[in-house]
Amino acid sequence: LWCTEWITYRCAKVVYPNSRGLLRYLEQHFSGLQSRFVHIGEGSSNGIDMVFFSPTEALRAQASAHRAQMGIPADAFVFCFVGRLVG
């Protein structure tokens, strides 16, 4: 699992840990990657600026181009999940 996480964090440009505890864990266990970890607000669902994550016209155009390139219809539902499931 550690190797999988290391590869994931190494390939990511930015990682948003959802709590200060997770941020501390990442900083302790994945040294050299600290510059990629960005803590948002107070963590979890508190303090997230939803405007920052809102799509712009440029992002919509880029998404349309990606859909066309991959042959995904404009009206198709696309779901993307990045994370881990914990019991």
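Student: Among contacts in the protein chain between residues at least 6 apart in sequence, what percentage join residues at least 24 apart?
Tutor: This is a predicted model, in which local features need pLDDT of at least 70 and side-chain atom pairs count only at pLDDT 80 or more, while totals for chains, interfaces and linings use all residues. Residues are numbered from 1 along each chain as its sequence is written, and side-chain values use heavy atoms, with hydrogens and water left out. With contact taken as heavy atoms within 4.5 Å, the share of such pairs in the protein chain that join residues at least 24 apart is 36%.

Student: In what order do the elements of the protein chain run from the N terminus on?
Tutor: Helices (H or I, at least four residues) and strands (E, at least two) are DSSP runs, numbered from the N terminus. The protein chain has three helices and zero strands, and the order of its elements is α-α-α.

Student: What radius of gyration does the protein chain have, beside that of a compact globule of 87 residues?
Tutor: The C-alpha atoms of the protein chain fill a box of roughly 45 × 30 × 30 Å along the principal axes. The radius of gyration is taken over C-alpha atoms, and the globule rule is 2.2 Å times the number of residues to the power 0.38. A compact globule of 87 residues would come near 12 Å, but the protein chain has 16 Å.

Student: Is Glu5 buried or exposed?
Tutor: Glu5 belongs to helix H1, which covers residues 2-11, and, with residues up to four places away in sequence not counted, Glu5 touches Tyr25, Phe30 and Arg84. Buried means under 20% relative accessible area, exposed over 50% and partly exposed in between, with a 1.4 Å probe and protein chains only. Because the relative accessible area of Glu5 is 12%, the class of this residue is buried.

Student: What percentage of the 87 residues of the protein chain count as buried?
Tutor: Glu5 has a place in this class, with its relative accessible area of 12%. Over the 87 residues of the protein chain, the share that count as buried is 15%.

Student: Which residue's side chain does a polar contact join to that of Glu57?
Tutor: Glu57 is placed in helix H3, residues 57-70, and its relative accessible area of 59% is why it counts as exposed. A polar contact is a pair of N or O atoms within 3.5 Å, where, within protein, one must be able to donate a hydrogen and the other to accept it, and residues adjacent in sequence count only if both atoms are side-chain atoms. At 3.2 Å, the side chain of Glu57 is joined to that of Arg60.

Student: How far apart are the C-alpha atoms of Ile72 and His29?
Tutor: Ile72 lies in the segment after H3 and is partly exposed, with a relative accessible area of 28%. Its contacts, leaving aside neighbours within four places in sequence, are with Arg67 and Val78. Ile72 and His29 are 43 residues apart along the chain, and their C-alpha atoms are separated by 39 Å.

Student: What distance separates the C-alpha atoms of Ala74 and Arg24?
Tutor: Ala74 is also found in the segment after H3, and its relative accessibility of 74% is why it counts as exposed. Ala74 and Arg24 are 50 residues apart along the chain, and their C-alpha separation is 41 Å.
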